[in-house]
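Colleague: I have just opened this one for the first time. Could you walk me through it?

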Number of protein chains: 4
Amino acid sequence: MDLQAIIDDIALTLAERRGEGKVADYIPELAKVDPHQFGIAVTTVDGQVFTVGDAATPFSIQSVSKVFMLTLALGKAGEGIWKRVGREPSGTAFNSIVQLEHEHGIPRNPFVNAGAIVVCDMVLAGHKPKEAIGEVLRFVRYLADDETITIDRAVAKSETETGFRNYALANFMRSFDNLHHDVDHVLGVYFHQCALSMTCRQLSRAGLFLAAQGADPISGYSVVSPKRARRINALMLTCGHYDGSGDFAYHVGLPGKSGVGGGILAIAPGKASIAVWSPGLNKVGNSALGSAALEMLATRTGWSVFGA
Amino acid sequence: MDLQAIIDDIALTLAERRGEGKVADYIPELAKVDPHQFGIAVTTVDGQVFTVGDAATPFSIQSVSKVFMLTLALGKAGEGIWKRVGREPSGTAFNSIVQLEHEHGIPRNPFVNAGAIVVCDMVLAGHKPKEAIGEVLRFVRYLADDETITIDRAVAKSETETGFRNYALANFMRSFDNLHHDVDHVLGVYFHQCALSMTCRQLSRAGLFLAAQGADPISGYSVVSPKRARRINALMLTCGHYDGSGDFAYHVGLPGKSGVGGGILAIAPGKASIAVWSPGLNKVGNSALGSAALEMLATRTGWSVFGA
Amino acid sequence: MDLQAIIDDIALTLAERRGEGKVADYIPELAKVDPHQFGIAVTTVDGQVFTVGDAATPFSIQSVSKVFMLTLALGKAGEGIWKRVGREPSGTAFNSIVQLEHEHGIPRNPFVNAGAIVVCDMVLAGHKPKEAIGEVLRFVRYLADDETITIDRAVAKSETETGFRNYALANFMRSFDNLHHDVDHVLGVYFHQCALSMTCRQLSRAGLFLAAQGADPISGYSVVSPKRARRINALMLTCGHYDGSGDFAYHVGLPGKSGVGGGILAIAPGKASIAVWSPGLNKVGNSALGSAALEMLATRTGWSVFGA
Amino acid sequence: MDLQAIIDDIALTLAERRGEGKVADYIPELAKVDPHQFGIAVTTVDGQVFTVGDAATPFSIQSVSKVFMLTLALGKAGEGIWKRVGREPSGTAFNSIVQLEHEHGIPRNPFVNAGAIVVCDMVLAGHKPKEAIGEVLRFVRYLADDETITIDRAVAKSETETGFRNYALANFMRSFDNLHHDVDHVLGVYFHQCALSMTCRQLSRAGLFLAAQGADPISGYSVVSPKRARRINALMLTCGHYDGSGDFAYHVGLPGKSGVGGGILAIAPGKASIAVWSPGLNKVGNSALGSAALEMLATRTGWSVFGA
């Protein structure tokens, strides 16, 4: 299978659709991004890397970071985290608060905003926000084996100043005692994690352990157990695209996590870790071209987890 | 891999938990079932069959039938069905009506009751209920390659007389013009499909095409295209266990569909079709021991779609 | 105070707005009504009657009948009815089913459709629908002191054939055991009660007991106790206009009950019973001109219960 | 009518029930209040005052203050305020956020928490919180003709530190641009207004203008127009007791506004302004004995707005 030819062809096919979708504008800093950018990076479990397009351009990974945060929280608190956050698809928008009221402050899963905020509370674990943010950054650099990864302070600041909905979610959960730290501290971690700036190449590298039974196949280091890797993949598949998760599973058939920056991380278990990026979003807030590219990739590679 | 030894051991391990869970009692006829029964049947894509326990006892497959109905409807109406039913997890109970009001009579997916009722409406397609029911029965017999499969009229009658919630769902969708036939006719098909009586052995055989790229590997006949098989599997994984779908994916990692009769059909793409049955249900209405058995099976076989 | 002059002037002022609003079209039979009709009848507690416009034209009183049905049910079952139906405004549309699911089949109040259906179940009280319908008709004729009042069978039939939403509500409550008779029987009563055909003059006469401490001031017969009359008025004020009840109280300040036929019955306690009719409805389903007329009447007479 | 005898008798009758209900404990400072306290004050439109029990003990008026805040906001911004807050009963708890999401950040009415927060935003009107709080205090002192009224800083502080739910509501509305000032500033006003400390005597005096067509009958000064007084009364009746408003109207039949401190202000238009206080709350958060006392008072005086 010639992966380079496949992604080259995908990039070519989608070239005329560049600019499609709507760039996230509720975060002022993100609204400035050129919508015509598009990149793919595929890192296989045997350590090869294939890229096309703007795969070396850093972008704001936003909610894709929630995969790494969940991994961190599971490492710190183990399966006990499921007392404070569910594992079910939400059936609602990423920032909905309705479910929280009906279910007494317990978010549906770690990938909707409310759930990710609880995960940040777990990662804080009594430390100062700066320390926790430092830990997150070190962890992602370690996963990607790349010390150049940074957090975009301008994006973090932009979200801090305009993220009223996240303040609402956090305060709401605090009223149910499902946050244990100051709302400002928890959101400090949350907004900085979302502001991680990575390239497709770095992102596909950072997710590789999920395609390889929890261990980095290049360094050989274990990140999580094989069981935990499977479980994180399961959560990505059922909950990774908000209220478009069913659609993504239907069309692509891979565990994936999207971000409003237009990035998507997808995992082909036993095969590869894939990162795509294109800023224009579809109606449910996932990268329009990114989703299309992954559907094409899954079809041509036969990597769908649901059968060749 | 000695599949027989694996399922024997699972049955032995779970023996002391027989009777666990709560038998569905909202359908009077189902409430009479002995809760200590337990069976597994595994049919592999190379045609071998492994069974343990009560795998030859017929039970009411209930909502497991929705997989076959969806397959029929897709065959008749193609991808156009998605205008009338969604593909997203519901985030609510199997019989919830709240979502229908918020989303104007379009059910979330074909596996919640409302969605399955719409699918029945599609399968009716202008025919009389008797004809449609006959077609459903013929289709399932064909899939299972077994002419002895029947519909339990007592169960169908029991549901017809007490299924007020389903009447509510159907009338509600009718008020949005999302049913095209008489409510009584549509529910006639619905209640009879749910009353299909099958053994684990028959059920695992009937689902085999989903494990084998859409074609029956024994007869060689194609049922659906490989792409459609993948897509049905995807829907089973994201929506097959109502509001316990995320949990099932997390613990088992296989596409599956449960029924309140205590049956579950699970698909290991490229490997096997598995049917388990035990009448006691957990809190979200899925077989308690059946779920446990499948988790053990997935662990020991490494069949999880999310990685070995 | 010259009531005749007041209502003449109101009719004149509103003349140019005749036809405003939208005639209910979800009941085919109602959609045929000429939207330019407009009538007022005021019956004072000292027995005088003032009318203007089409006050002698019979129209379908629809949900206004729920006031008489509630009175009947309270007479039969007393305050015990509040175990099966609430007394709170719904905060939702007249035909919403969402609240029913959240509150386990107990409707919010007797004036939303679901609540009125429960009231019909109470009025049935083991009798046949025909007998119950006969009783309702006799009761309304008695209240209006007019044997010519009829039920419009064509309207009742039209609703029976298209009232899927009401079938949904009834079946839904039946699933919670909050209906004790066959759904078809209960809805038989419901649709016939709604199809009562009355003129403004008859309607204002029928409501007079509510303005006069529960007794008909003309015949002297007691219908309900003074306390019960006050309580029915209270329910009309807080719940009588669906999700426009607060607005009606704000602008008119009188207990009132509207119907999708365009009629409104309003009560000025100690003063008069008023019926207005104009078929065009506003956004929340209440007569547009009827509401306007009552606001003008309340202002000019100083009859608002909230102060002169 | 001997009002003193009536309230004396009510106090005597309810004496043995003192301590009933549950003192609000979600605001730590309020949880300390002795639950056996009980007071009534009736100020008639001809200037007489009748009191019984603890009518001279200051208590935290909490949400009763929302009546005065609404009056202030209407004075500043007129009927334009209804673009940002509704006039309908909510059908949900006082602090529910569900409706806000469904209705895009517009609260149902000015008496649920979210609505009152929007009203605070209007009262702020570009000023500093301190100035707005000063204005509120001056206004209430003016209405009560009593310069000794204060704000309990300990209560305000207690709420500021624990009012996460209100922070959630405010941030949520801010995300819909329905707050124009800093959340902290708006809530500063909100928490201080709630912490107004008044006696029954002061409170009944402060509400007198609502019983007297908008003008203080003692000083003769006009506070609002007669129409506006009627409208505020209407809002109190339909929305003044959260999700117990229908029940209060049914049993008492007077416009009223309750607070979690156990106070209720009720208006008998043309007759009197009544304040009752007893800290124990019923299930929907209104004073248990206060409600009982007002029902008895309304019955014995015949002051119900729904008929003698």
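This is a predicted model: local features need pLDDT of at least 70, side-chain atom pairs count only at pLDDT 80 or more; totals for chains, interfaces and linings use all residues.

Colleague: What does A:Ile117 touch, leaving aside residues up to four places away in sequence?

Modeller: With those sequence neighbours left out, A:Ile117 touches A:Asn166, A:Leu169, A:Ala170, A:Met173, A:Leu179, A:Val186, A:Leu187 and A:Tyr190.

Colleague: Switching to interfaces, how many residues of chain C are in contact with chain D?

Modeller: On the side of chain C there are 33 residues in contact, and they meet 33 residues of chain D. Between them the two chains bury about 2,900 Å², with 55% of that on carbon and sulfur atoms. Within chain C, the residues that lose the most area to chain D are C:Arg230, C:Tyr250 and C:Phe306, which together account for 28% of what that side buries.

Colleague: And how many salt bridges does the rule find across the interface of chain C and chain D?

Modeller: The rule finds 6 salt bridges across that interface of chain C and chain D. One pair that meets in a salt bridge is D:Arg108 and C:Asp243, whose side chains come to 2.7 Å, N to O. There are also 16 residue pairs in polar contact across the interface of chain C and chain D, counting pairs with both residues at pLDDT 80 or more.

Colleague: Which helix of chain C gives the most to the side that touches chain D?

Modeller: Both α11 (226-239) and α12 (245-251) of chain C supply at least two residues each to the side that touches chain D, and α11(C) gives the most, with 8 residues. Sorted by class, that side of chain C has 13 nonpolar, 11 polar and 9 charged residues.

Colleague: OK, now the other pair: what area is buried between chain B and chain A?

Modeller: The area buried between chain B and chain A is about 2,900 Å², and carbon and sulfur atoms give 54% of it. In that pairing, 33 residues of chain B are in contact with 33 residues of chain A. On the side of chain B, the most area is lost to chain A by B:Arg230, B:Tyr250 and B:Phe306, together 27% of what that side buries.

Colleague: What about charged and polar pairs there?

Modeller: Across the interface of chain B and chain A the rule finds 6 salt bridges, and A:Arg108 forms a salt bridge with B:Asp243, where the closest N and O atoms are 2.7 Å apart. The rule also finds 16 residue pairs in polar contact across the interface of chain B and chain A, with both residues at pLDDT 80 or more. As for helices, α11 (226-239) and α12 (245-251) of chain B each supply at least two residues of the side that touches chain A, and the largest share, 8 residues, comes from α11(B).

Colleague: Different topic. Where is A:Asp145 found, and is A:Asp145 buried or exposed?

Modeller: A:Asp145 is found in the loop between α5 (129-144) and β4 (150-151) of chain A, and A:Asp145 counts as exposed because its relative accessibility is 59%, over the 50% cut-off. Although A:Asp145 is not a glycine, it has a positive phi of about 50°.

Colleague: What is phi of D:Asp145?

Modeller: For D:Asp145, phi is near 50°, a positive value in a residue other than glycine. D:Asp145 lies in the loop between α5 (129-144) and β4 (150-151) of chain D, and at 59% relative accessibility D:Asp145 counts as exposed.

Colleague: Last one: why does B:Thr301 count as buried?

Modeller: B:Thr301 counts as buried because its relative accessible area is 11%, which is under the 20% cut-off. B:Thr301 is found in helix α13 (residues 288-301) of chain B, and, not counting residues up to four places away in sequence, it touches B:Met1, B:Leu3 and B:Ile6. A polar atom of the B:Thr301 side chain lies 3.5 Å from the backbone oxygen of B:Ala298, and the side chain of B:Thr301 also reaches the backbone nitrogen of B:Trp303 at 3.2 Å.

Notes: Residues are numbered from 1 along each chain as its sequence is written. Chains are lettered from A and ligands numbered from 1 in the order in which they are written. Side-chain values use heavy atoms; hydrogens and water are left out. Contact means heavy atoms within 4.5 Å. Buried area is the accessible area (1.4 Å probe) that two parts lose on being put together, summed over both. A salt bridge is a side-chain nitrogen of Lys or Arg within 4 Å of a carboxyl oxygen of Asp or Glu. A polar contact is a pair of N or O atoms within 3.5 Å; within protein, one must be able to donate a hydrogen and the other to accept it, and residues adjacent in sequence count only if both atoms are side-chain atoms. Helices (H or I, at least four residues) and strands (E, at least two) are DSSP runs, numbered from the N terminus. Ala, Val, Leu, Ile, Met, Phe, Trp, Tyr, Cys and Pro count as nonpolar, Asp, Glu, Lys and Arg as charged, and the others, Gly among them, as polar. Buried means under 20% relative accessible area, exposed over 50%, partly exposed in between (1.4 Å probe, protein chains only).
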